[in-house]
Amino acid sequence: MLNKVGMGSLTDDLELRLNRAAEAAVPKASKLFGNAIAQMTIDDAKAIVNGPKDSATKYFQSKMSGPLMGEMKPIVDSQLSQVGAIAAYDKMIGQYKTIPFVPDAKANLTNHVLEKAIAGVFLYLGREEAAIRENPAKRTTDLLKKVFSR
């Protein structure tokens, strides 16, 4: 709605700040990948190797989504304020409310950032997994070469 009335810069500014908060929290994922790998069973590994091109991504998503949410939430909460996202949101909503006949809009910025950040982690992982499965040149480590040479 703000874009339609020439105030799109407010939403662009908020989006940039939300992205900054997400970027600060994503490094927590690396520790959780290690934990998920440590919990992997032989059956899990077989299902990943013999499964569809996104089976590793789906495995990690099932094991990590909840823990990622928990690990990243305090960082996102802290970063939203530090990067100015809360102030940008308040400014944007203030302008939004000046538009006649618009529905009430409320957002939970922390949950929004967490959902988008976690979705982004698994989107990236899925793309990497597909590339490794489809392109032998991407199988650069000894482990990957061994797994995919079956």
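This is a short walk through one predicted model, from the overall fold down to a few residues.

I'll start with the whole chain. The protein has seven helices and zero strands, so the pattern along the sequence is simply α-α-α-α-α-α-α. Of its 150 residues, 33% count as buried. The accessible surface comes to about 9500 Å², and carbon and sulfur atoms hold 57% of that. As for contacts, take those with a sequence separation of 6 or more: 75% of them join residues 24 or more positions apart.

Which residues have the most contacts inside the largest nonpolar core? They are Phe60, Met64, Leu68 and Leu80, in a core of 33 residues. Five elements are listed as giving two or more residues to this core: helix 1, helix 2 (29–39), helix 4 (55–82), helix 5 (85–96) and helix 6. Leu68 is worth a look on the screen. Leaving out residues up to four places away in sequence, Leu68 touches Ala29, Leu32, Ile118 and Phe122.

Now one helix pair. Two packed helices are described by the angle between their axes and the distance between the axes. For helix 1, residues 8–25, and helix 6, residues 109–134, the angle is about 65 degrees and the axes are 9 Å apart. The crossing of helix 1 and helix 6 is right-handed. On the helix 1 side the contact is made by Leu18, Ala21 and Ala22, and these meet Leu109, His112, Val113 and Ala117 of helix 6. By type, the residues of this contact are six nonpolar, one polar and no charged.

Two glutamates to finish, one from each of these helices. Glu15 is in helix 1. Is Glu15 buried, partly exposed or exposed? Glu15 counts as partly exposed, because its relative accessibility is 47%, between the 20% and 50% limits. Between Glu15 and Ala85 there are 70 residues in sequence, yet their C-alpha atoms are 8.2 Å apart in space.

The other one is Glu129, in helix 6. Its relative accessible area is 8%, which is under 20%, so Glu129 counts as buried. What does Glu129 touch, not counting residues up to four places away in sequence? The list is Pro52, Lys53, Asp54, Ser55, Ala56 and Thr57.

To sum up: an all-helix pattern, a largest nonpolar core of 33 residues, a right-handed crossing of helix 1 and helix 6, and a buried glutamate, Glu129.

Conventions. Residues numbered from 1 in each chain as written. Predicted model: local features only at pLDDT ≥ 70, side-chain atom pairs only at ≥ 80, totals over all residues. Heavy atoms only, no water. Axes fitted to C-alpha atoms, helices over the stretch in contact; angles between N-to-C directions. Helix = DSSP H or I, 4+ residues; strand = E, 2+ residues; numbered from the N terminus. Left-handed = near helix turned anticlockwise from the far one by under 90°. Contact = heavy atoms within 4.5 Å. Nonpolar A, V, L, I, M, F, W, Y, C, P; charged D, E, K, R; others polar. Buried < 20%, exposed > 50% of the residue type's maximum accessible area, 1.4 Å probe, protein only. Areas by Shrake-Rupley, 256 points an atom, 1.4 Å probe, with all protein chains shown as cover. Core = buried A, V, L, I, M, F, W, Y, C linked by side-chain atoms within 4.5 Å.
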